[in-house]
Amino acid sequence: MSNSVEECKDEDLPANTLEHFTELQQVLEMIDNIKSIAANTFEREFEQYAQVLSRYQEQPHLLDPHLEELLGKLLHKIRKPDLDTGELHAAFKYLYIICKVRTYKVLVKFMPHELSDLEFVLDLLGQQNPKEFEQWETRYILLLWMSILVLNPFHMSRLDAYDTSTSAPTTNCSPVNHVQSKNTKMDRIFELIQLYVSSNDTCSSMAAFLAAKYFIRSDIKDLYLERFLDWIMEQHQADTLNVKFGQLAAVAAILKHGKREDLLPYADKLLQWITSCQYKDDNDFLKYKNYVKIIQRIGLVHLKPRIASWRYKRGTRSLATNLNQTTAAGGEPVVLEQSLEEGEEIVVPDAIEEVIEELLQALRSGGNDIRWSAAKGLGRVTNRLPKELADEVIGSVIDILNPLEPHEAWHGACLALAELAKRGLLLPHRLEELVPLLMQALFYDEMKGYMSVGQHIRDSACYMCWAFARAYNPDDVKPFVHKISSGLLTVAVFDREVNCRRAASAAFQESVGRLGNFPFGIEISTTTDFYSVGIRQNSYLNISDYIAQFEVYREPLINHLVQHKVSHWDSAIRELTAKALHKLSLWEPEYMAAVVLPQLLAKTDTIDINCRHGCVLAMGEITLTLRKLEEKSDPQVVYLSNQRVAELNELIITFLDKNFYRGMSGDLMKSCTSSYIKNCSLAKLQATPECLVSWQKVIDSCLITKSNAIRDGAVEAFGELCTTYYCSDSRHGENEAIINTYLTGADNDLEEHIRMGYIAALGVLPSFMIRCHLQAILDSLVKHSLTPLQAVLVGEMGDRENIQAYRWSEARTQSVLALTKLVKTVGYGGGIDSFAEPKNFNKVIECLLRALQEYTLDNRGDIGAWVREAAMSSLYEIVTTCPPDLLAPEQVHEIVVGFMQQAVEKIDRTRGLGGRLCCQLIHHQPRIPYIREHSKLLEIFPADADSVLWLFADHTFPLFCELLSLPDYSKRVLLGLSASIGQLTESLIKYASSALFHFLRSNPETVPRLCSEVVQIFEEHLLNERVTYPLLSFLDILIGSGTVESVLHDEANPFAEDIFRLLNLEVKGYKKLYKTATSISAFCQLLQVPRLSKRILSKLSVFLGLQHVHVRKTAATKLYEALALHGDVTEVPEENMDEILTLLSETDWTQPLVEVRPLRNQLCQLMDIKPPVSGAAAAAALQQASADK
């Protein structure tokens, strides 16, 4: 077991399972080898360094033992006086990555803080130009370093008294930034803070942090604090549009870190200033966030730090104690803390009322961060208030939770209440008022246009529950345990969003641990863990089923689904809801029959299409479960009364009367009705003739819709409907009419989807309906499994079909699948009306073999692949299940070679399916008869089909190239290989060609036979561009590889002459530009055959004079390469070779023909061949010659 854990450690476990900083030496080496930012390799090395450290982003504490060493190396480099500026900036970039991973608050503690560094950092910071945005990391780290240096214990004025160095201006100083040497260090730091809090980059936040550390010093606050605050207020009153966020952050940071008595004199002035700026009225959330931080901290400055004497005393903090305690010792009575200042009256300034009002308004803000900040601020301020005033604040927050408030307000209020509860400020008497509102928040989901809002509210409501669990003793929560536990579990299993399900799961686990009084808490919390609830389908169908075994939770789960999820806006949720109700019905059948079904039936009258859709789906699933339970019950129990059955029968009739299946909403109704009919049929619900007519009518309309999902649902429903209700003898006439209608519909040539629907329906007919019409159905499916041309060739096509039908590959795929289902349904028993009849069986096999040859193309690509894949699956299923005596040797061979060809063609998906099925067919038990060379095939292919990665070309091609040694299979394998090697995908060409050439080099005796088979393939498919286009490239690669040299130079072997002859026939007329250009490479490869060289050079000279510029350029380039390689074996005069190559390379072949052809003729003379002449010129010359005679 331990070994398996070790094996999966790196792959399967979460990412944050590192144990220590393993790359220390690597990082130290990178730091030692830092290059200047101007170096070419800097970017790559820096990215590698950042990538290594970023692995520790989730476990940054692992860097702590080594931070001193890392910083020491970098700062030692930075302190070098002769360091290049580029290297200096690079070192700061490296330092910033450490800061980003470990955070600046931790890193600053490791920064050196000797007095000698202050002058160095101050000078270096003074030399930086804030407008050099690419070096912002340098300024950021320097400001961070300065924030620890200004905390030195000496009076800042003394540093100037002992200063012996001067800071001379440098060339890269900004005029604004340059600080004169006569200024004191205090002034220089003040001016630098002013400069950088006004910048618009990341450095402004670090400058704010520095300001907070600097201005709260006892020797600085009297001199500079008021001046700094006045400067910021003046800046913002002068310009409220172009706000510098760093300045606001600096004020907030000073209010956070400063002493209350130092800041109190400025509090009223700051409050008046910040409220007058009206930043909350803008849509700029960053402004508003800083506004809220400043407001709340002003409130804290006004109030003395204290812990409220009236706050709730929290229960025990130990989980172990809670889990082990008995029910009797559930919790102690509430005891209020004794105030240390008992009897002292708390003075609340008037400004606090304004602060609280602003924070309450911020809870309604549109920004998530603003609401969160306001909630925390409200908790901090309330903690310092007297009980009466705090109670008013809490009441105001609770008042926000009402239906008239927007969703943002609900979210803010939930966060605020959770913060108040965490601090013990929400007394238990408020729970009675709060819990109903908490339940509303847990299920908050409102439509807003085309989207839903409420996800963040449900998440914050779970946070409230989590805070309650940590805040209260078990006895205080006991009256509300059932509501809270049911609500949390409902969200944990049925919420649409994964973060809400996980939040509810965490809150439930916290409550179980802290309170210990949730029913069956331990059992459920181990099941509803973080990972289990992460998959929505698992939550809905498995976890809910597990929780339903505990009776206390059943009805809340069912009621939530019926009241909220049946009418949910997301159709996927409604479908899952129906399936969940199907499972829950097994636990509460009486409740479902007596309460839930009537509610769902009543809801079907609504105009809300989502609700109607969900109700119909749910009723079908519940009906199926209840009927199954009725069948299994002993003694007999009836859950569905006659009245309920009658209502279920009339449901679809009512929908048809109200025209619910028309318009845009009709598609939704069709899909749910199909599911309803299928479930009622499976349940064998008693149905009236009128009900069956209505069901059939809906199915007929579903079969001709464009939606694949609706058609598939209708086909399934139709199959079950026929099996259950159409088997009586009295329905013979109606069944005949349905089959005739569907046969007529399958012949439709107007729309592909109509044909697809009817064909699929014919495929699911039950055996008793098919047997009387087997020939008609079989002929129809065979005809529609083939392209119009194929159907004509086999004599299946009657009337002329729409010319567009040749593109209907999806319909042919559906027909192939239907044909397979037909064979499976009818079977091989029953004489002439079954597939035991060889004529019927052979018709199916021949049809599927022809379907393997479909290569229809349209703008979607090779859509014929769908038909080929369906045909392969069908052939495999039929061959492995039929009686062996029905199979003919030739058929089995065609099937095997068909699979082999598909297994080496160009589409990965098709190739993977063909390879897998071929391997399984060869190793099938019982053994398939008539497979040629079966024993050798068993040696080539592994017994375990899963041991080969069939989708990967480097795994499959070496296997199938072994088949080239078997003459029975090599020709079709070569045909498939030519399609793969001759197409455009580089990786496929690489693997296919390397496998082929490896085989040819290993088996040279097979080369002559394979070459003759290539010629046969070319002859058989001449002018068939689907085959010959890639074949031209294949020939180029094959001849150029050197693996067939022995055949090329064998004068007794006609391979080279045959290829030359066939190439001429293929490109005759030169009308296809792409084909003509591609053939040039193959012609040029044949130049290495001396006996053909003159004929080939004559042919290439024709290409050099053609009208197409692209052909001329290609011919010149390829001829140049061929002569450079094989010129010595051609009949070209050696003394002319250099001139020929120069003419080919230096001539501009894009010139007009009148200029190009004389050059071409010159080339012909140099190559000692006759210049080509046009057909008209040749005829004229012949006529002149005969006249002369």
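The model is predicted, so to speak of local features a pLDDT of at least 70 is needed, side-chain atom pairs count only at pLDDT 80 or more, and totals for chains, interfaces and linings use all residues. Residues are numbered from 1 along each chain as its sequence is written, and side-chain values use heavy atoms, leaving out hydrogens and water.

**Two helices**
- Helices here are DSSP runs (H or I, at least four residues), numbered from the N terminus.
- Helix H15 covers residues 285-302 and reaches 26 Å from its first C-alpha to its last, close to the 26 Å expected at 1.5 Å a residue.
- That expected span is 1.5 Å times one less than the number of residues.
- In H15, 14 of the 18 residues are buried, meaning under 20% relative accessible area with a 1.4 Å probe, protein chains only.
- Helix H45 (residues 908-922) has 15 residues, and its buried ones include Gly-912, Leu-917 and Cys-918.
- Among the elements covering the buried residues of H45 are helix H43 and helix H49.

**The core**
- The largest nonpolar core has 393 residues; such a core is a set of buried Ala, Val, Leu, Ile, Met, Phe, Trp, Tyr and Cys residues joined through side-chain atoms within 4.5 Å.
- Helix H5 gives the most to this core, with 11 residues.
- Leaving aside neighbours within four places in sequence, Tyr-49 is in contact (heavy atoms within 4.5 Å) with residues including Val-27, Leu-74 and Tyr-94.

**The annotated span**
- UniProt, in an unreviewed entry, places "domain: Tubulin-folding cofactor D C-terminal" at residues 893-1075; annotations may be inferred rather than shown by experiment.
- This span is 67% helix and 0% strand.

Notes. Buried < 20%, exposed > 50% of the residue type's maximum accessible area, 1.4 Å probe, protein only.
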